[in-house]
Amino acid sequence: MRAFRIALVSTLLAALSACGSSGPPGGGEVAELRYQGNAGAVTLPELAADLGYLGTVKLKWVGNTISGPQDIQSAATGQTDFGGAFNGAVVKLVAARAPIKAVISYYGSDKDAYNGFYVLDGGQIRSAGDLIGKKVGVNTLGAHLEAVLKEYLQRQGLTKEQVAQVQLVVVPPVDTEQALRRGQIDVASLGGILRDKALERGGIHPLFTDYDLLGAFDAGTYVLRDDFIRDNPATTRAFVAGVAKAIEWSRTHPRQEVVARLKAIIAKRGRNEDATAVGYWKSFGVSSIGGVIDDKDFQTWIDWLQREGELRPGQVKAADVYTNAYNPYANGGAR
């Protein structure tokens, strides 16, 4: 892990030196933001753009990702202008001295949007202790699902040595359910449409969910590079405000209207995608008004990373990881 962090720092610093200032010649601000999307899904910035909430700021799609850590690394190295990931992954990138700042929450867990860890009915896994020596399927390592699982195991009283015996297996999300049913893994992490479809088919039940464990919480944030924020304050404000308004639009409009809008966005962008998944949309899971960030959104994971030995006490302070300066909903605004 230490070798990985050293290599990551070298890569980031080299790429950042190459990308230089974000502003175009003449001192004007960037008006087109490069980003990665998600196949068959609509991100909050895409929804904000479609609703007209980004003003003159445009989005430029450069491909898709299924990994939050990869997405924010792309933003940190200047391959994209913004990226989003689980807050623990953001903390780790900041600890690796990446000059980034979280600017708005964009996903979380609530009663409608959550991730669960599912086991087969009639199986022998009934408690945290039963996971010792077992395989748990997750979409990627070092992100939301790994952190939540280890938090659960720690809260259930497992020792660090016992937690280390729970094997994490990276499985593409679309294959996770079948890997569980075929016995290739013992526990499947499932969320969204993949969770709902699996439950419809029956034969599985949750061992626990992140909502059960932590209640409603904001889990991930969009980040921008420090130099981008410095050179493009108006663009930064337009982006954050637009995403914040899109969050509130999704919260205050009927679910059927939101789903219809998401399907229309997928149809218009012409990427040859299946829009089935957005038909199951219920919530983005953001619990705060307008995606405003709080210290606790990061402190939970800073504490976890310190217990894991990946951070030194005091190495990263929650307040240094994010800013609400560009969010119109901060300090009770834009109500």
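On helix 8 (residues 192-201), E200 and R201 are exposed. Exposed means over 50% relative accessible area, buried under 20%, and partly exposed in between, with a 1.4 Å probe and protein chains only. Helices (H or I, at least four residues) and strands (E, at least two) are DSSP runs, numbered from the N terminus. The model is predicted: local features need pLDDT of at least 70, side-chain atom pairs count only at pLDDT 80 or more, and totals for chains, interfaces and linings use all residues. Residues are numbered from 1 along each chain as its sequence is written, and side-chain values use heavy atoms, with hydrogens and water left out.

R195, D196 and A198 of helix 8 are buried. Seen down the helix axis, the buried residues fall within an arc of 165 degrees, so they line one face of helix 8. The arc is that of the directions from the helix axis to the C-beta atoms. E200 and R201 lie on the other side. The buried residues of helix 8 pack against strand 5 (115-120), helix 7 (173-181), strand 8 (187-191) and strand 9 (204-209). Contact means heavy atoms within 4.5 Å. Just after helix 8, G202 takes a positive phi of about 80 degrees.

R195 also lies over the face of Y114, at 4.0 Å from the ring centre. In another such arrangement, the charged end of R271 sits over the ring of W61, 4.0 Å from its centre. A charge counts as over a ring if NZ of Lys or CZ of Arg is within 6 Å of the ring centre and within 35 degrees of the ring normal.

Two strands pair if DSSP finds at least two bridges between them. Strand 4 and strand 10 run antiparallel and are joined by 8 bridges. Y107 stands opposite G220 in strand 10.

Aromatic pairs were searched for across the whole structure, and 12 were found. Rings of Phe, Tyr and Trp (its six-membered ring) pair if their centres lie within 6.5 Å; planes under 30 degrees apart count as stacked, over 60 as edge-to-face and the rest as tilted. Y106 and Y222 are stacked, at 4.2 Å centre to centre and 20 degrees between the planes. Y106 lies in strand 4 (residues 100-109) and Y222 in strand 10 (residues 217-225), so the pair ties together parts 116 residues apart in sequence. Both Y106 and Y222 are buried. The pair W301 and W304 is edge-to-face, because the ring centres are 6.5 Å apart and the planes at 85 degrees. W301 and W304 are 3 residues apart in helix 13 (residues 296-307), about one helical turn. W301 is buried, at 2% relative accessible area. W304 is buried too, at 2%. Y35, F82, Y106, Y107, Y222 and F239 form one aromatic cluster.
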